[in-house]
Number of protein chains: 2
Amino acid sequence: MDFDTGELSERKKLILKSIIEAHIKLGEPVGSKYLMQEANIPYSSATIRNEMAELEELGYLEQPHTSAGRVPSELGYRFYVDSLVQEYDMTTKEAAELNKMLSVKMSEIDKILDNATKVASAITNYTALSLRPRPSSIMIKRYETVYLDSRSFVLIMIASAQDTVKTKNVKLPFDVTKDDIAKLSEVLNDVLAGVSVDNINISLMMRMESEMPGCPELVGIVVKSIYETMNELGSEIKFEGVNRLLQYPEYKDIDKLQKMLSAIEDKDDIVKAVSTIDQSDDETKVFIGSENMVKIMDDSTLIYKNLKLNGKTIGAIGIIGPCRMDYSKVLSTIDKLSDEINHLSENNLLPGALREDKD
Amino acid sequence: MDFDTGELSERKKLILKSIIEAHIKLGEPVGSKYLMQEANIPYSSATIRNEMAELEELGYLEQPHTSAGRVPSELGYRFYVDSLVQEYDMTTKEAAELNKMLSVKMSEIDKILDNATKVASAITNYTALSLRPRPSSIMIKRYETVYLDSRSFVLIMIASAQDTVKTKNVKLPFDVTKDDIAKLSEVLNDVLAGVSVDNINISLMMRMESEMPGCPELVGIVVKSIYETMNELGSEIKFEGVNRLLQYPEYKDIDKLQKMLSAIEDKDDIVKAVSTIDQSDDETKVFIGSENMVKIMDDSTLIYKNLKLNGKTIGAIGIIGPCRMDYSKVLSTIDKLSDEINHLSENNLLPGALREDKD
DNA sequence: ATTTAGCAGTCAAACAAAAAGAGTGCTAAA
DNA sequence: TTTAGCACTCTTTTTGTTTGACTGCTAAAT
């Protein structure tokens with residue numbers, strides 16, 4: 001038994017610290033057995049129990065109910081923060097990330113898209129997303145092909161940005177030989193390596209066709225795949241108002257919400273899905289439920305529209321929500337918004353907006 | 001019974017439209033009784049049931065289970081979007097808001113704060129917030145006082161920005177008369193009306209004291225209230241990573257989550273709480289549970305620190321999470337971050353950052 | 001004087017069974 | 001063709017029961 005000098009014995013401190021840290025890690029009440037076995041406290045559970053009872057009396061711990069373990073009280077956390085917590089050493093990786101993120105700058109286009117997303121989300125009360133298409137600088141450094149069978153092969157692309165590798169399964173409407181596919185990679189590396197998307201033109205395609213006397217039809221199909229991949233690669237997607245999902249009972253089920261949120265967190269699938277939409281398409285697209293290309297979002301609706309500034313597509317905006325979405329409101333908001341952005345440019349409100357387009 | 005020409009009878013269309021719109025509004029399966037009573041379909045529930053059964057057969061509706069109402073199928077939504085939905089007329093208020101929001105520009109300081117919040121949230125994996133303090137231009141246009149009793153009165157302030165009215169209940173540690181309070185409003189309007197916060201100085205306070213021979217002690221107390229109110233008024237708060245809350249079991253309970261989210265949505269309470277923190281304070285503050293000034297957040301922890309750039313406080317950053325927060329990590333992240341931002345200015349990475357400080 | 005083993009007691013969480021409620025489909029009458 | 005009425009189905013809610021975790025206490029061991 002300690003003299004009640006207000007100071008805790010070292011053993012009490014150890015136990016208190018262990019309980020708090022275990023609780024922080026696990027989120028559940030901590031019992032005496034756990035402390036003995038997992039936290040390596042060198043006393044029997046009975047002894048620990050006695051100490052815990054005293055710590056509770058002193059106000060550092062609480063018991064949610066009789067037969068539960070102990071949980072730190074506010075006083076316990078306070079004591080921990082004031083005298084028990086140890087400095088955490090940030091890993092160099094984390095420190096670097098911190099620095100990198102801090103110095104990010106936004107282009108004018110990004111700002112427009114960002115604002116548009118915020119407005120869209122605020123007005124419709126759904127989650128909004130914006131897609132910034134690939135910068136024109138993106139390119140494939142090297143191509144590889146792997147023959148699968150006479151009607152399909154794998155196209156492997158190594159991109160300039162951070163050496164990302166993308167693979168694509170290409171299916172063909174006609175038969176090819178192993179040699180055709182081998183020749184293809186040769187020609188691709190010869191003609192297209194290091195060429196940016198926007199510079200892929202008819203002339204290059206014709207050159208490739210002439211270099212592939214065996215199977216010129218391949219060229220058109222492959223170039224389309226390359227184009228799609230490049231779009232996916234460079235695209236940047238952002239979300240706004242994710243928390244608005246919570247208002248809708250379809251996401252009251254934590255699991256569904258999690259599913260949706262992880263799709264949003266991942267971004268990749270959504271980017272991929274949305275990248276397939278033709279960038280010059282002016283229509284507002286509505287993807288209901290499974291029409292949606294992201295499997296995980298098959299009970300949500302995505303409404304999507306390309307945004308133009310001076311006739312040039314600068315990105316796209318979308319709304320995600322439950323299938324039972326207020327279509328009328330969302331559709332008109334998106335349309336109004338895209339109109340308004342076009343006006344922005346006409347009124348010259350954003351001088352230099354297009355200048356900064358290429359990052 | 002309709003001939004199966006692929007066309008729906010008007011009555012079917014009406015019922016389908018009603019079901020979809022009711023379901024969009026309520027989020028629950030729609031029954032025949034509801035349609036008859038609430039959606040004013042001029043047929044008996046039995047008739048409506050027959051039509052519903054046919055609409056289901058045609059694929060426009062679905063039944064979650066035998067004894068439930070109907071829910072639109074994807075095909076139903078598709079049909080609705082393609083031919084039933086009516087254009088929604090945006091109210092002029094909404095249109096105006098849209099325009100206003102679209103043309104918002106961010107100051108350099110805002111960008112720094114925004115980035116810092118994102119980084120903080122990403123690294124700690126908790127929700128982060130940033131607080132941008134009042135622009136120095138904010139001021140009170142007019143003051144009113146209402147005497148309550150000898151030890152308290154109400155101070156009413158009409159602010160320059162959008163004529164916002166704020167009232168504050170002021171309690172006194174000494175007795176005053178009704179005349180003192182009346183005189184106070186006179187003096188306040190005389191000396192402080194139209195003066196921006198930063199220009200309230202000792203000289204002005206002394207002038208007020210000399211004009212209030214009856215009770216000079218009032219001045220100091222009142223000025224403090226005014227100062228606090230102005231801080232609340234102009235402050236802008238932003239959140240980042242709200243969805244991260246979901247990872248923690250304490251917010252798995254939808255109710256708790258909602259409570260938290262509504263506190264975040266409202267902003268007001270949090271701004272008020274955080275505004276009371278002295279802006280020149282350099283310490284990292286930890287508010288655990290009920291230490292927190294926002295009642296609704298009394299089982300969460302707020303960690304908070306002022307950010308300085310060139311020695312001047314430009315705002316503050318905070319982390320919100322469950323009480324069982326990884327204090328060690330959060331504390332070091334916040335400290336590192338505020339250091340880093342100080343370095344930003346030293347390295348001159350952000351020319352003109354301070355120039356744009358006043359909006 | 002401490003520490004520990006063992007056991008009875010308590011309470012939440014998990015499971016199972018029963019009752020209530022909502023909405024349908026069908027039949028027969030209007 | 002429409003409607004009233006009733007039996008039926010399936011979810012939701014309620015109620016009761018079991019299980020399991022952890023404690024507090026007592027008595028023995030160090």
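Colleague: How many helices and strands does chain A have?
Modeller: The secondary structure of chain A comes to 12 helices and 10 strands. Keep in mind that this is a predicted model.

Colleague: What radius of gyration does chain A have, and what would a compact globule have?
Modeller: Chain A has 29 Å. A compact globule of 359 residues would be near 21 Å. The C-alpha atoms fill a box of roughly 95 × 55 × 40 Å along the principal axes.

Colleague: And what share of chain A is buried?
Modeller: Buried residues are 35% of the 359 in chain A.

Colleague: What about contacts along the chain?
Modeller: Take the contacts in chain A with a separation of 6 or more. Of these, 58% join residues 24 or more positions apart.

Colleague: Into which domains is chain A divided?
Modeller: Domain 1 covers 10-84. Domain 2 is made of 108-133 + 235-357. Domain 3 is 140-234.

Colleague: How many residues are in contact between domain 2 and domain 3 of chain A?
Modeller: Six residues of domain 2 of chain A are in contact with four of domain 3 of chain A. The domain 2 side has two nonpolar, three polar and one charged residues. The centres of these two domains are 31 Å apart, taken over C-alpha atoms.

Colleague: Switching topic. How many residues of chain A are in contact with chain B?
Modeller: 55 residues of chain A are in contact with 52 residues of chain B.

Colleague: Which element of chain A gives the largest share of that side?
Modeller: That is α12(A), with eight residues. Other elements each supply at least two residues, including α1 (10-26), α6 (108-124) and β8 (285-288) of chain A.

Colleague: What classes of residue are on the chain A side?
Modeller: There are 30 nonpolar, 12 polar and 13 charged residues on the side of chain A that touches chain B.

Colleague: One last thing. Which residues are buried in helix α11 of chain A?
Modeller: Ile270(A), Val274(A) and Ser275(A) are buried in α11, which runs over residues 268-275.

Colleague: Why are they on the same side of α11(A)?
Modeller: Because they cover an arc of only 130 degrees around the axis, they are on the same side of α11(A).

Colleague: What do the buried residues of α11(A) pack against?
Modeller: Several elements of chain A, among them the strands β3 (127-132), β7 (236-240), β9 (300-309) and β10 (312-322). The helices α9 (217-234) and α10 of chain A are also packed against these buried residues.

Notes:
Residues are numbered from 1 along each chain as its sequence is written. Chains are lettered from A and ligands numbered from 1 in the order in which they are written. This is a predicted model: local features need pLDDT of at least 70, side-chain atom pairs count only at pLDDT 80 or more; totals for chains, interfaces and linings use all residues. Domain bounds come from an automatic or database domain assignment. Two residues are in contact if their C-beta atoms, placed from the backbone, lie within 7 Å. Ala, Val, Leu, Ile, Met, Phe, Trp, Tyr, Cys and Pro count as nonpolar, Asp, Glu, Lys and Arg as charged, and the others, Gly among them, as polar. Helices (H or I, at least four residues) and strands (E, at least two) are DSSP runs, numbered from the N terminus. The radius of gyration is taken over C-alpha atoms; the globule rule is 2.2 Å times the number of residues to the power 0.38. A residue is buried if 20 or more other C-beta atoms lie within 10 Å of its own, exposed if 12 or fewer, and partly exposed in between; C-beta atoms are placed from the backbone. The arc is that of the directions from the helix axis to the C-beta atoms.
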